[in-house]
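Please read this briefing alongside the sequence and the model.

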Amino acid sequence: EDTAPWREGGRLFEEVLARVGTRLGRRRWWGFLVGAEGILPVGSGGQGLQTSVAGEGRALERALRTGGVARFDAPDPALAQAREAGSGVVIPARLRGRVVALLALESDRRKAFRERDVQRVERALQGRALALRLAAFRAWHLEQYGSDLAFAAGERGFGQLADHLWTAARAQTPVLVSGPPGAGKRVLMRWMQFEWALEGGASEGGHAPRARAPLGSVEAPSAQQVLAALEQPCALFEGLDRWPVPVQRQLAQALEHAPRTKVLLHVQGRLETLAQDGALDPRLVRVLANFELHVAGLAERRGELPYLVNGLLRILRQSHGGPLLRLDDQALGLFWRQPWDGGLGALKGSLLKLLLEAPGEEIGVDLAWKILSAYGAKPLKRLPSRRPRRRDVESALESTRMESGRINKTRAAQYLGWDPDTLVARMGDLGITPADRSSLKPA
């Protein structure tokens with residue numbers, strides 16, 4: 001299975017059409033992501049119009065410009081993707097009012113697309129808008145930084161994180177990303193840079209700027225370097241708590257004057273804690289307190305682990321070869337309940353070792369235990385059950401929720417390292433009723 005982001009984008013379009021049961025016998029489809037370099041074609045299919053020469057495809061531009069469905073019910077080579085098309089539609093996927101993907105459908109017949117069918121496709125496509133946007137960001141990240149990314153887009157709390165990130169990307173004030181090592185702060189900073197640039201913030205005319213390391217990633221910068229960075233359309237800083245106090249004050253003074261530059265920063269730990277410890281100058285703390293996006297460590301985001309494990313395994317297989325591994329429930333549960341103090345790097349390192357040592361595609365708990373033990377820390381056999389944290393129980397239930405919406409208590413107990421009776425008893429103690437989805441909050 002190919003994990004290249006653009007191919008995954010194509011698969012997302014295929015899933016949408018399959019979900020609504022779109023007939024493709026005399027039709028053809030084309031899928032496009034709206035990314036850093038404009039409209040990026042990521043897939044096509046269908047049995048119709050395969051021998052037709054290309055049309056001008058201006059219906060794409062119309063849908064992108066208006067944010068609404070563009071259609072033609074009679075042959076129009078100027079609008080069509082295929083010159084011989086008798087009719088067609090272009091359906092946009094939108095996030096926060098911005099078009100992030102486009103699906104073109106064409107037929108060799110006139111008036112082939114009924115309004116209710118178009119609306120069904122539009123609803124299904126809108127449901128995949130966030131995943132399509134992530135595919136565009138991942139394609140840019142792969143081109144700029146040479147590495148693909150894994151996201152837990154299916155986790156309940158991820159949409160809320162994305163909302164905060166888009167708000168931050170549009171904010172006029174400096175945005176601080178804080179959190180423990182290995183939480184993914186730098187990736188989120190790059191994602192904000194990507195979104196900000198596509199809003200028209202970059203000098204390159206709305207295209208995402210080229211990759212560059214944040215100032216302070218290697219060594220503390222000088223005051224002159226800080227001021228030079230603030231002359232760029234987008235300035236990225238990190239490791240502020242390691243900077244000399246005079247340089248911190250220089251940055252604070254520059255930010256107090258509201259530079260037109262988009263400023264993104266990240267630090268290890270919470271801003272409040274760094275201020276209490278005296279690691280940051282009080283003047284700089286006041287400036288950065290306006291917009292802090294805190295990213296918790298993986299132990300606080302256990303609901304993401306099943307998605308991250310599967311996504312990272314696909315990426316590692318892409319770069320290192322070997323089979324596409326699948327962890328059984330016990331092995332995945334073992335990975336799920338580890339604290340991952342080393343963050344995403346430790347998780348990725350464990351999965352790489354698993355890929356290199358796996359005798360086959362199915363991974364059991366014994367091999368998973370062996371790999372985790374090799375890192376020097378004894379793996380957690382179970383999470384505390386006498387006084388468990390509510391978020392851990394909720395996260396286990398959400399992580400094992402089936403497509404029908406029902407909870408798999410046996411698997412949830414397996415993730416926690418408990419027996420099912422203990423899980424049921426603790427759910428009662430905590431007042432958690434899985435039949436009512438509203439009682440489960442994002443972990």
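What follows covers a sheet, several salt bridges and one lysine.

This is a predicted model, in which local features need pLDDT of at least 70 and side-chain atom pairs count only at pLDDT 80 or more, whereas totals for chains, interfaces and linings use all residues. Residues are numbered from 1 along each chain as its sequence is written, and side-chain values use heavy atoms, with hydrogens and water left out.

**The sheet and its helix**

- An open sheet is formed by 5 strands in the order β2-β1-β5-β4-β3, with antiparallel pairing; helices (H or I, at least four residues) and strands (E, at least two) are DSSP runs numbered from the N terminus, and two strands pair if DSSP finds at least two bridges between them.
- Because β2 (38-45) and β3 (70-72) stand at the edges with a single partner strand each, one side of each is left without a neighbour in the sheet.
- Strand β1 (residues 27-35) pairs with strand β5 (residues 98-107) in the antiparallel sense over 7 bridges, and F32 stands opposite L102 in β5.
- Helix α1 (residues 5-20) packs on the sheet and touches β1, β2 and β5, its direction making about 135° with that of β1; contact means heavy atoms within 4.5 Å, and axes are lines fitted to C-alpha atoms, for helices over the stretch in contact, with angles from 0 to 180 degrees between N-to-C directions.

**Salt bridges**

- The count comes to 27 salt bridges, each defined as a side-chain nitrogen of Lys or Arg within 4 Å of a carboxyl oxygen of Asp or Glu.
- D163 forms a salt bridge with R96, the closest N and O atoms being 3.9 Å apart; since D163 lies in helix α5 (residues 158-170) and R96 in the loop between β4 (87-95) and β5, the pair ties together parts that are 67 residues apart in sequence.
- R391 and E300 meet in a salt bridge at 2.8 Å, N to O, and as R391 lies in helix α15 (residues 390-399) and E300 in the loop between β9 (292-294) and α11 (305-320), the pair ties together parts that are 91 residues apart in sequence.
- Salt bridges that share partners join E300, R302, R389, R391 and D392 into one network.

**The lysine K185**

- K185, in helix α6 (residues 185-201), is buried yet has no salt bridge, and the nearest side chain of opposite charge, E238, is 8.4 Å away; buried means under 20% relative accessible area, exposed over 50% and partly exposed in between (1.4 Å probe, protein chains only), while Lys and Arg count as positive and Asp and Glu as negative, with His and the chain ends not counted.
- A polar atom of the K185 side chain lies 3.4 Å from the backbone oxygen of G179.

Definitions and conventions. Polar contact = N/O pair within 3.5 Å; in protein donor to acceptor, adjacent residues only side chain to side chain.
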